[in-house]
Each structure stands twice: as structure tokens, then as C-alpha cells.
Amino acid sequence: MNSIVSLIFSIALSVTVAAGQMRTVNGTVHDVEGDPIQYATVILQDADGEFADAAVTDSLGRFSFHTALQFYRVVVQHVLYEDNFIDAVDADDIRVVLSRRENEIDEIVVKGERPLVKVSGGVLSYDVEQVTKGKVVTTAYDAVLELPGVREQDGSLVLGGGGVSIILNGRPSTMSHQQIIDLLKQMPASSLETAEVMYSAPPQYHVRGAALNLVLRGIASEDGSPIWQGEVNGSFTQRHYPNYQAGTSLLYNAGKFSADLLYTFSDNHSRSEYDIYSHHTVDGTLYEIEQHDYGDNRSEKHTGRFGLDFRPDDDNVVSLAYNTTVTANGRGDSYSRGNFSDSYSRKTSSSQLHNLSLDYTSGFGLKGGLNYTFYKHPSMQYYDNTDQYGSQSSFVSDARQRIDAVMAYADQSHALSRDWELTYGGKFYYANDHDYQIYRESAGGIELYDTDNTLKEYIYDLYMGVGKSLTEQLSFNLSLTGEYYKFGRDDDWAVFPQANMSYMHSPQHILQFSFSSDKRYPSYWEKQDYIGYMNGYAEGHGNPNLKAYNYYSAQFTYVMKQKYIFNLFYNYAPDYAVQLAYQATDRLNLIYKTMNWDLKETVGLVAVVPFSVGRWLSSRFMFQGTWEHARSDHFHDISFDHSKFVAYFGLNNTFNVSSRPDIKLELSANYMTRPMQGLMDLSSFWTLNAGAKWTFANQKAELRLRANDIFDTGMIDIHSHRSGQNLDMYMRQPAQQSLGVSFAYKFGGYKEEERKEVDSSRFGH
């Protein structure tokens with residue numbers, strides 16, 4: 001450990017790096033009577049009067065900038081008010097008062113565009129409200145998918161040709177990536193204020209590689225008097241079955257204290273259908289197997305969040321947050337019919353997730369916190385199968401998983417002489433995973449054995465980084481993280497370098513280069529030694545020998561005119577691991593098992609080009625071209641070496657039908673050529689989506705209508721015809737096709753009068 005710490009310090013202190021000191025400047029715009037002014041244009045200028053940034057005030061008259069300027073001028077403009085400006089030196093909070101224009105103007109046409117993205121210190125920062133303006137988005141997850149360069153692939157988020165970590169409010173969490181995604185799918189889109197896209201996250205975020213930092217919305221109180229804001233929302237979505245969701249969110253600020261509360265209930269009911277045509281060879285004999293599988297899954301989900309911030313002064317913040325997801329009455333019935341076997345499987349399950357975090361941010365560069373997650377998932381399976389010869393087998397199994405995970409972290413930054421910045425810190429993570437699967441009853445010749453395993457995971461991280469802006473245009477940073485990792489029988493030391501360089505020729509032309517390295521860890525359940533029976537032909541296997549794999553990524557990004565984004569990337573992952581289907585060569589079984597390959601590499605280009613036609617059409621075109629290569633010399637008892645070029649095209653259009661009433665239409669389409677996964681080829685697909693949004697009640701209410709995959713063309717077929725494998729799988733459900741309607745109403749934003757109690761009846765439960 002000492003040698004690695006010494007290596008980190010010696011390398012970090014020997015390199016010239018980083019970005020200058022940045023701070024947040026907050027402000028408000030009011031009229032002479034003290035009422036907030038919405039939609040005022042706020043322009044930030046440097047000492048020479050040059051443009052530095054721009055913003056628009058929200059419903060409370062608020063705006064904010066991230067800047068390194070010590071002296072700056074803020075110019076505020078509004079068509080109904082006289083222009084005003086304020087000069088400031090090292091000020092973090094400012095207030096601008098506008099006087100109403102004396103002369104009435106019959107008609108004013110204002111032409112201009114807000115910047116799509118702000119770039120600072122290797123971070124692409126998006127105002128979520130601006131990105132989703134006019135879009136038919138319901139959940140926070142929908143809003144994330146509107147970020148340029150972010151898209152969904154195989155149920156996961158993709159950025160720059162690879163996976164991406166998700167952070168909430170800049171704080172690390174013991175919740176898994178999928179658990180955070182599930183939380184975002186239950187949160188209203190209005191919960192998000194800012195999204196920061198990082199192709200190489202700094203080590204103080206305690207994730208490596210590409211990351212999205214999602215900052216939740218808050219409200220500010222000017223004089224310390226309490227302020228409330230809230231939203232009630234609900235949605236109905238018709239897929240194969242109807243699905244429902246309803247919830248509420250509240251924000252509260254009383255000066256030193258602020259709080260947020262969220263609750264969502266959803267009733268989920270889905271259908272799955274797929275056909276398998278397996279040309280399976282065993283001992284030189286070819287067997288033609290046809291199985292038609294379908295299933296119904298239903299569950300109820302309760303999602304809650306409570307956050308509390310305490311600010312004893314302007315420099316220190318103590319934050320407490322609790323997140324929970326409880327899934328109840330889960331039931332899945334699956335049927336398989338074919339010439340190989342007829343089977344029925346019923347699973348009942350429930351789950352509980354509880355996450356608690358305590359974080360502290362100081363005024364002298366120290367951040368730290370504790371995070372704990374408890375997860376419990378019991379399930380029962382009732383299985384019955386009759387094979388082609390009439391032999392019957394059945395069992396009843398009881399499976400349970402419990403995870404306790406705790407993390408502690410601390411980060412410190414120092415502003416040194418000559419504008420150098422030093423950062424260092426560390427993280428400790430511990431998880432205890434207990435899984436078992438017990439067969440209570442069985443009949444027939446099926447192979448069954450009980451499992452009961454406990455795995456303990458330990459991760460120790462230490463990092464150091466230094467930074468400096470070399471010129472006003474050029475800055476770069478470098479960090480090094482040393483890690484000790486122990487999980488079951490795995491015991492490993494590793495060093496992870498990370499670097500960023502930014503060159504701003506002007507605000508209209510920004511270049512970034514980033515390099516990151518990471519290690520991807522297998523899930524706890526994948527590491528268990530188990531066999532799960534999906535039907536009489538398909539099985540799911542655990543893999544105790546599965547190991548974590550390293551992931552390296554280089555990104556070159558060009559941002560033009562603060563809206564056009566071009567990204568060139570290369571990703572390399574030795575020992576890459578993913579679950580694939582495999583036709584066993586010694587018996588008639590289709591095995592799903594996560595295994596390490598020799599490598600996976602991708603190189604590609606992403607282009608995001610927004611454009612508009614007058615005031616009635618706003619569009620964004622996205623292209624991604626990727627060359628993919630995968631190789632494994634020991635995939636079960638076969639090998640493969642597979643590569644191909646894949647192209648993705650997406651076009652999103654928003655039509656401004658009417659301003660009064662405020663009605664917008666959305667029409668989007670995407671197309672992907674035949675992608676690949678390991679030795680498998682997937683079919684090409686395309687989708688056409690449409691939506692409409694009506695905003696009314698003084699911008700407080702929204703009614704949305706959404707139709708996804710209108711022509712039901714978004715299903716993907718899977719074909720495996722390499723290395724002796726001969727398998728075709730045609731997916732018919734879960735279809736992307738759906739029709740949904742959602743409603744949201746925002747309330748609050750008032751100040752409580754002195755000694756007057758809040759009427760809580762306005763905030764129903």
C-alpha cells in the first residue's frame with residue numbers, strides 16, 4: 001500500500017495539469033416591488049466586455065453561472081423592463097432590480113438562441129429544462145435520454161460508444177447502476193435541474209470512465225422565510241397490458257434548511273414472447289428444436305426519497321438523504337411449448353431497497369460522507385416440465401439474496417500558489433452478499449442441488465490529482481488512483497490513470513481530450529454457483545470463476561458554437577464479460593452464462609447537430625458510426641473472432657404548433673444497422689415515435705400524449721451462426737410499441753406570511 005501511495009504522490013506532483021478554480025455565481029432578478037421576473041435574459045461578460053456565458057431566469061427569477069472570472073459584469077434584459085447591469089468582484093450572490101418600461105411596444109420580435117451546452121473543466125453542462133423544452137418527457141429517465149450523445153441500448157445507457165455511470169448530486173452511492181436507473185424511472189422529469197456529462201470523470205466523484213452527474217432541483221429563499229413548491233403527476237401507458245404510475249414531489253426551503261420529498265407508486269404488467277429455432281448438433285446428430293415461449297410479469301412498486309440539507313453558514317453544508325424502492329406482489333408466469341418440451345414456471349417475489357447517505361461539504365475544500373444500502377430479494381419458483389418423450393420433472397425452489405453495503409469517502413482540495421490546485425482523497429467500500437437456493441420438492445430426473453454462499457467484497461481507493469490552467473485557453477489535469485480489490489477468491493492491486501485536456505479557442509470553438517481507465521465488477525448473483533431452469537431447454541448458470549475486467553477509453557470532443565458536438569472515441573476492454581446463449585456440445589441444452597472474453601474494442605464517431613426552421617421547428621440529428629471487434633479463444637469449448645461496422649441515425653423534431661394555447665408536437669425516428677454481441681448478429685431496427693404536449697394553467701400544468709414505435713418495428717432478432725453454433729431467436733415481446741398519456745401539475749412557490757401556518761391540505765398524499 002505504501003509503495004502505491006508514494007507512486008501516486010510522486011507522479012501527480014511531477015506533472016503540469018488541470019482546470020482553473022471554478023465557482024458558482026447565483027443571482028435573482030426582481031422588479032421594483034420585489035416580485036421575481038421570469039424569462040429575463042442574463043448575460044455574463046468579462047472585464048473587457050466580452051461574452052462569457054448566458055442564462056434565462058426561472059419562475060422565481062433565479063439564474064446561476066459557473067465561472068472562474070474574478071471581475072465580471074452581469075447584464076439583464078427583458079422586453080417589458082429597462083435593461084440593467086451590475087459589476088461584481090469575487091461575489092457569489094447578486095440581486096438585480098429592473099424597472100418597467102414606460103413606453104408600450106405593440107410588437108417585439110426577439111431572435112436568439114440559448115447555448116445548448118456550457119463547457120468548463122472537462123464537463124459538458126446542460127440545463128435539463130432547456131434540453132427537454134417542448135419534449136414529451138414524463139420521467140427523469142426520459143429526460144436523461146434527451147441529453148445529446150446519450151441513448152439506450154440493450155436496456156442500458158450508452159455514451160460515446162460505451163457504458164456510463166450515474167451520480168446524483170455529485171455524491172457517490174452504494175446503490176447499483178440498475179437501482180439508480182430504476183429510481184430515475186420513478187422520478188418526474190422536473191426533479192432534474194442540471195446534467196453534467198463527463199467522458200472521463202475526475203476521481204473525486206469516485207467513479208471512473210464516462211459519467212452523468214444529475215443535480216436535483218432545489219428552491220432558494222431570499223430572506224429565510226419558508227418557500228414551498230411541489231408537483232403531482234400520473235400516467236397511463238398501454239403496451240400489451242395497461243400500466244399505471246402516480247406520484248408527488250415536494251421542495252421546501254427555509255433559509256438554513258431545505259428539503260425534498262418524493263413518492264411514486266406504479267403498477268407494472270408486461271408480456272414477453274419469443275420463438276427459438278435451434279439447429280443443435282450433439283455427437284454428430286442434428287436436432288431441430290422449436291420452442292415458443294411467452295410469459296406475463298406483474299408487480300407493484302413503491303419509490304420514495306427524502307433529502308434534507310442544513311447550511312449553518314454560506315460555506316458549509318450537511319446533507320442527509322434516504323432512498324427506498326419496495327417491490328411487492330411480484331409474479332411471473334412463463335410457458336414454453338414446442339417439439340422439445342412443454343414447461344410452465346411460476347415465480348413469486350418481492351424486494352426491498354433502502355439507501356441512507358450522510359454527506360458534508362466544507363468551505364475549505366473538504367468533502368466527505370457515509371453511505372449504506374440494504375437490499376433483500378426473496379423469491380419462490382414452481383416448475384413443471386414434460387419432455388418430448390413424455391417424461392415429467394418438477395420442483396419447488398426457494399431463493400433469497402441479501403446485500404449489506406457500506407461506503408465511506410473523503411476528498412480534499414487545496415488552492416496553491418500560482419493558481420495550482422491539489423486534490424486527494426480516498427474511499428472504502430465493503431459489501432456482504434448472502435445468496436441461497438434450496439429445492440424443497442422435486443420429481444423426475446432433473447439435476448438439482450442446493451447452494452448457500454456468502455461473498456464479501458472490499459475496495460480501498462486512494463487518489464491524487466493536480467491541476468493548473470496554462471493559459472486562458474489551455475488547461476489540463478491528471479490524476480492517479482491506486483486500488484486494492486478483494487471479492488471472494490479475487491485479490492488484486494491496480495493503478496488507474498486519468499487525464500483531461502481542454503482548449504478553448506473561443507466560446508464558439510472548444511476542444512477536449514480525455515483518457516480514463518476503469519475496472520468493471522461482476523454482479524453478486526453472477527458470481528454464485530447456481531443453475532436456474534427457464535424451461536425444459538434453456539438454463540441460466542452462475543459463474544464463480546467470473547472476474548472483473550479493465551476498461552480503457554480515449555475521447556476527443558469538439559464543441560462548436562456551444563451546440564454542435566462531435567466526439568471521436570476508442571474503447572478497449574480485455575477480459576470483457578457479458579451473458580450470451582450457448583448451445584452445449586455434449587447435451588441438448590441452451591445455456592445462458594456470463595463469461596470473460598479475450599477482448600472487446602470499439603472505435604467510432606458521434607455527431608450531434610441541432611437545427612431549427614424559423615420559430616415553428618426545432619430539430620436535432622444524431623449519428624454514431626462504430627467499428628466493433630470481439631474475440632474469445634475459450635468461450636465454453638469454442639472460440640470466436642467477430643467484427644463489423646454499425647451505424648445509428650436519430651432525428652428528433654419538435655413543432656411549435658401554437659403559443660396560445662401552448663401546444664407542441666414531437667416526431668422522432670431512429671434506425672440502427674445490424675449490431676453484434678460477441679459471436680451473435682442482431683437484426684437492424686427502426687422506430688417512429690410521436691407525442692403532443694399542452695401546457696396550460698399559467699405554465700403550471702402539462703398534459704402529454706405519447707406513442708412509441710408506431711409501426712411496431714423496434715424488435716430485435718438474434719442470430720448465432722459461428723463456431724458451430726446455429727441458433728435463431730425472434731423476439732415478439734416485450735414490444736416497444738405503446739400509447740400513453742400523462743399529467744403533471746406544479747404548485748407552490750409562495751412565501752409563508754409571518755406567524756401563519758401552512759395549509760397542508762394543498763399538498764395531498
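**Chatting through a predicted model**

Me: What radius of gyration does the protein chain have, and what would a compact globule have?
Reply: This is a predicted model, and its protein chain has a radius of gyration of 28 Å. A compact globule with 765 residues would come out near 27 Å, so the two agree.

Me: OK, and what box do the C-alpha atoms fill?
Reply: Roughly 90 × 60 × 50 Å, taken along the principal axes.

Me: How many helices and strands are there?
Reply: The chain has 4 helices and 45 strands.

Me: What share of the contacts is between residues 24 or more positions apart?
Reply: That share is 63%, counting contacts with a separation of 6 or more.

Me: Switching to the inside. What percentage of the residues is buried?
Reply: Buried residues make up 49% of the 765. In soluble globular proteins, nonpolar side chains tend to be buried together.

Me: Which residues touch the most other members in the largest nonpolar core?
Reply: Val144, Leu157, Leu184, Leu212 and Leu214 do, in a core of 58 residues.

Me: Pick Val144. What does it touch?
Reply: Leaving out residues up to four places away in sequence, Val144 touches Val150, Leu157, Leu184, Leu192, Leu212 and Leu214. There's also a second, separate core of 34 residues, which includes Tyr274, Tyr549, Tyr551 and Phe635.

Me: How many charged side chains, positive and negative?
Reply: There are 65 positive and 93 negative ones, and the centres of the two sets lie 2 Å apart.

Me: Is Gln562 buried or exposed, and why?
Reply: Gln562 counts as buried because its relative accessibility is 9%, and the cut-off for buried is under 20%.

Me: What's phi like at Gln699, and where is that residue?
Reply: Gln699 also has a positive phi, about 70°. You'll find Gln699 in the loop between β41 (685-696) and β42 (701-708). With a relative accessible area of 41%, Gln699 is partly exposed.

How values were computed:
Residues are numbered from 1 along each chain as its sequence is written. This is a predicted model: local features need pLDDT of at least 70, side-chain atom pairs count only at pLDDT 80 or more; totals for chains, interfaces and linings use all residues. Side-chain values use heavy atoms; hydrogens and water are left out. Helices (H or I, at least four residues) and strands (E, at least two) are DSSP runs, numbered from the N terminus. The radius of gyration is taken over C-alpha atoms; the globule rule is 2.2 Å times the number of residues to the power 0.38. Buried means under 20% relative accessible area, exposed over 50%, partly exposed in between (1.4 Å probe, protein chains only). Contact means heavy atoms within 4.5 Å. Lys and Arg count as positive and Asp and Glu as negative; His and the chain ends are not counted. The place of a charge is taken as NZ of Lys, CZ of Arg, CG of Asp or CD of Glu. A nonpolar core is a set of buried Ala, Val, Leu, Ile, Met, Phe, Trp, Tyr and Cys residues joined through side-chain atoms within 4.5 Å.
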